[in-house]
Number of protein chains: 2
Amino acid sequence: MSGATEAAPPPSAAGSPAVTVDAFLGGKVEAVQPAAGHHRSGLEAVLLAASLDSRISGTVVDLGAGAGVAGFCAAARCKRARVVLVEREPGLIACAREALARPANAAFADRVRLVTADIEAPQAERERAGAGRDLADHVLLNPPFYERAGGTRSPAKARASAHVLAAGGLDPWLRAAASVLKFGGDVTVIFRADGLADLLAAAARRFGGAEVMPVLPRPEQPAHRILVRAVKGSRAALKLLPPLVLHGEDGSAFTPGVEAMLREGRGLASVNRAWHGGRARPS
Amino acid sequence: MSGATEAAPPPSAAGSPAVTVDAFLGGKVEAVQPAAGHHRSGLEAVLLAASLDSRISGTVVDLGAGAGVAGFCAAARCKRARVVLVEREPGLIACAREALARPANAAFADRVRLVTADIEAPQAERERAGAGRDLADHVLLNPPFYERAGGTRSPAKARASAHVLAAGGLDPWLRAAASVLKFGGDVTVIFRADGLADLLAAAARRFGGAEVMPVLPRPEQPAHRILVRAVKGSRAALKLLPPLVLHGEDGSAFTPGVEAMLREGRGLASVNRAWHGGRARPS
């Protein structure tokens with residue numbers, strides 16, 4: 001989608017399945033992703049990274065980072081930020097490590113740290129792994145998009161799929177985000193649009209000042225995604241923002257603003273001026 | 001705003017305060033509204049009525065109808081529908097009665113029934129008043145927009161203001177809507193955009209298949225209103241729709257679609273094609 005597979009599968013981490021190398025932000029980021037069997041990141045991860053102000057200088061934590069696309073794009077865009085990727089699957093951490101060694105990522109690799117930890121693990125365990133309390137100024141969250149239907153999947157299979165939300169839905173994700181965030185820090189989530197009520201309910205317990213941006217495939221179609229930013233400890237009112245529209249009425253081309261985010265690393269706030277409180281933002 | 005005060009105050013119902021006569025839908029509807037001291041209906045009421053498919057033939061109940069602007073506009077647009085206005089303030093019911101006697105409203109006056117009842121009254125009491133269970137195919141809801149701040153207002157004063165939500169917020173309104181609706185009937189609510197989470201939470205207990213339409217003052221500004229339609233007993237997923245934009249980037253003129261709703265009684269679904277499941281609708 002937004003990542004073009006630019007190379008045939010290179011020699012991969014020992015014992016890992018076949019991988020592809022996918023380019024993002026016009027080649028400023030290369031991700032190593034399993035060729036099959038896992039969620040493959042694309043548009044959503046890039047939009048999530050584009051939600052950040054490129055001038056930030058604190059720590060960005062990507063929870064459930066997968067192979068690292070969102071976190072890498074954040075590091076590439078925000079040149080003064082440190083980025084921590086938290087992912088429970090060792091195979092995906094191996095992919096992220098392999099990617100960080102690639103020359104294309106040299107500009108930001110030394111600002112990215114990898115942590116193998118389950119976001120649902122107890123606080124003490126996450127702390128030991130390096131994803132403890134008050135670590136983050138900003139959290140990026142691209143949770144699994146779908147609920148597990150019934151109990152038919154084996155735990156191992158369910159764990160293997162980043163498409164599937166565990167029991168408890170979004171709540172563990174927002175709880176983990178609140179735990180790693182400093183007071184006043186923000187979480188930005190990309191999720192299914194039809195999960196809006198669930199997401200607002202999960203966020204309401206710990207966050208305020210939510211900004212909700214509908215993401216529309218085309219100008220006259222309902223949103224299929226939402227981008228929601230919320231601030232830990234805030235009591236500010238919710239804002240429902242003008243939508244981000246991906247494509248025009250017809251055809252497969254992205255709208256110019258979205259194209260600029262995907263290919264050039266432009267920031268969402270420069271494309272949709274209401275994002276992030278309406279403050280004008282560079283790139 | 002959308003209603004032009006067309007006449008000097010006429011002789012009003014005995015003992016009632018000064019009123020104005022305000023025209024809506026290009027003169028197809030005239031409302032008699034208290035000149036001061038009450039919420040005066042306008043744009044929101046007309047949008048709410050525009051949300052209905054003009055071809056419906058069942059019963060529309062306007063809960064908390066005020067002086068009747070939304071209900072009258074619904075009756076004027078939906079020529080086969082019966083409309084029941086439920087309002088607890090006798091003075092507003094008197095205004096509505098006075099309006100129904102005006103020649104301008106003759107085309108629909110015989111399809112409108114007035115009920116003096118509090119939406120928070122017990123079911124049996126509402127039943128006796130004529131707003132009981134399973135009455136409605138469609139409910140229109142334009143609840144007070146603001147929470148009561150603290151306990152400083154006298155109960156009498158709080159009751160007098162249709163701007164002020166009583167304790168319990170939106171929940172009593174959605175409960176009353178569910179009570180008067182038939183199974184499978186729908187409620188449409190207009191509310192403050194920053195109350196989105198509260199509205200979704202209150203609706204979740206009794207309704208499904210929500211359609212959420214942000215209403216933006218201008219294309220690049222956050223929504224100030226939301227229009228939400230939901231179906232009693234439905235388990236369908238929420239849809240977040242493309243926004244309705246009231247004005248252009250500059251100036252005070254309405255966008256053409258909104259102008260057509262306000263002046264000609266056009267339907268929302270003909271202006272924003274995603275409304276109401278995306279089924280094309282005649283005006």
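This briefing describes the chain fold, the contact between two chains and some local features of the structure above.

The model is predicted, and its chains A and B are related by a rotation of 180° with 0.0 Å of shift along the axis, which superposes chain A on chain B with an RMSD of 0.0 Å.

**Chain A as a whole**

- Chain A contains 9 helices and 14 strands, and 51% of its 283 residues count as buried.

**The contact between chains A and B**

- The contact draws 24 residues from chain A and 24 residues from chain B.
- On the side of chain A that touches chain B, at least two residues each come from helix H7 (196–204), strand S11 (207–216) and strand S13 (239–240) of chain A.
- H7(A) gives the most to this side of chain A, supplying 5 residues.
- Sorted by class, the side of chain A that touches chain B holds 19 nonpolar residues, 1 polar residue and 4 charged residues.
- Of the residues of chain A, A:Ala197 comes closest to the rotation axis, with its C-alpha at 3.4 Å.

**Helix packing in chain B**

- Helix H1 (residues 43–50) and helix H2 (residues 69–77) of chain B have axes that come within 8 Å of each other and cross at roughly 35°, and the crossing of H1(B) and H2(B) is right-handed.
- From H1(B), the residues B:Ala45, B:Val46, B:Leu48 and B:Ala49 take part in this meeting, while H2(B) brings B:Val69, B:Ala70, B:Cys73, B:Ala74 and B:Arg77.
- By class, the contact of H1(B) with H2(B) comprises 8 nonpolar residues, no polar residues and 1 charged residue.

**A residue in strand S2 of chain B**

- B:Thr20 is located in strand S2 (residues 19–24) of chain B.
- B:Thr20 counts as buried because it has 21 C-beta neighbours inside 10 Å, where the cut-off for a buried residue is 20 or more.
- B:Thr20 and B:Ala36 are 16 residues apart along the chain, and their C-alpha atoms are separated by 9.4 Å.

Key
Residues numbered from 1 in each chain as written. Chains lettered and ligands numbered in written order. Predicted model: local features only at pLDDT ≥ 70, side-chain atom pairs only at ≥ 80, totals over all residues. Helix = DSSP H or I, 4+ residues; strand = E, 2+ residues; numbered from the N terminus. Buried ≥ 20, exposed ≤ 12 C-beta atoms within 10 Å, placed from the backbone. Contact = placed C-beta atoms within 7 Å. Nonpolar A, V, L, I, M, F, W, Y, C, P; charged D, E, K, R; others polar. Axes fitted to C-alpha atoms, helices over the stretch in contact; angles between N-to-C directions. Left-handed = near helix turned anticlockwise from the far one by under 90°. Least-squares fit on C-alpha atoms with pLDDT ≥ 70 in both.
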